[in-house]
Amino acid sequence: NVISRPEQIDLLKCTISPPGHCGGIWAPTIRFHDGLFYVSVCNVHVQYECPDQRKYENVIFTASDPTGPWSDPVHFTLNGFDTSLFFDTSPNGDGSAYVQGTSYGSIGWDDAVRAPPDQTLSGHC
C-alpha cells in the first residue's frame, strides 16, 4: 500500500454526502521513470462544491521499490481529479514532467501542471 501512515493523507475526512456521492481516493495512477515509481492520486472532499479547489487534494508519492516505503505526499494544485503523469523523454523533449487530469468543466492538457527539468517531483511541483 502506498498510503500506509496516517500522516500521509487524512482519510478520516472522507464522506458520503449527499447520498450517492463518495469522497476519498480516486483513480491512482502509477508510473516508472529514472529509477523511481510515482503514484498520483486525488483525495476528493465532497463536502466542498465545484469549483472550490479544496475539493481536490492532489498528491504524488514516490518510491524506489513498489513495495515501499513510499514518500510523504507532494501536494500540487489542479482543480480536478483522475490525474496522470507524463515524462517528456522524447528526442526533442526537455525532460519536463507533466500532470494531466480531468479538470472542473474540461478534460485535457490545458490545466496541466509542469515541473521543469531542474526540479523533481519528489520534492517540488
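This is a predicted model: local features need pLDDT of at least 70, side-chain atom pairs count only at pLDDT 80 or more; totals for chains, interfaces and linings use all residues.
User: Why is F37 called buried?

Analyst: The relative accessible area of F37 is 18%, and buried means under 20%. F37 therefore counts as buried. This residue is found in strand β2.

User: What makes F32 exposed rather than partly exposed?

Analyst: F32 has 51% relative accessibility, and the class of exposed residues begins over 50%. F32 therefore counts as exposed.

User: Why are F32 and F37 called an aromatic pair, and what makes the pair tilted?

Analyst: Their ring centres are 4.6 Å apart, and rings pair if their centres lie within 6.5 Å. The planes of F32 and F37 make an angle of 55°; stacked requires under 30 degrees and edge-to-face over 60. The pair is therefore tilted. By this rule the count comes to five aromatic pairs.

User: How do you know that Y38 and F87 form a tilted pair?

Analyst: The centres of Y38 and F87 are separated by 5.0 Å, and the limit is within 6.5 Å. Y38 belongs to strand β2 and F87 to strand β5 (residues 80-87), and the pair links parts of the chain 49 residues apart.

User: What makes Y38 and F87 buried or exposed?

Analyst: Y38 has a relative accessible area of 7%, and F87 has 13% relative accessibility. Buried means under 20%, so Y38 is buried and F87 counts as buried.

User: Which residues do ring pairs link into a cluster?

Analyst: The cluster consists of W26, Y56 and F81.

User: What makes the contact between R5 and E7 a salt bridge?

Analyst: The N to O distance between the side chains of R5 and E7 is 3.1 Å, and the definition asks for a side-chain nitrogen of Lys or Arg within 4 Å of a carboxyl oxygen of Asp or Glu. The contact therefore qualifies as a salt bridge. R5, at 25% relative accessibility, counts as partly exposed, whereas E7, at 55%, counts as exposed.

User: How do you know that D72 and R5 also meet in a salt bridge, and which parts of the chain does the pair tie together?

Analyst: The side chains of D72 and R5 meet at 2.6 Å, N to O, and the limit is within 4 Å. The pair therefore meets the criterion for a salt bridge. D72 lies in the loop between β3 and β4 (74-76) and R5 in the segment before β1 (24-33), so the bridge ties together parts 67 residues apart in sequence. D72 counts as partly exposed, at 46% relative accessibility.

Conventions:
Residues are numbered from 1 along each chain as its sequence is written. Side-chain values use heavy atoms; hydrogens and water are left out. Buried means under 20% relative accessible area, exposed over 50%, partly exposed in between (1.4 Å probe, protein chains only). Helices (H or I, at least four residues) and strands (E, at least two) are DSSP runs, numbered from the N terminus. Rings of Phe, Tyr and Trp (its six-membered ring) pair if their centres lie within 6.5 Å; planes under 30 degrees apart count as stacked, over 60 as edge-to-face and the rest as tilted.
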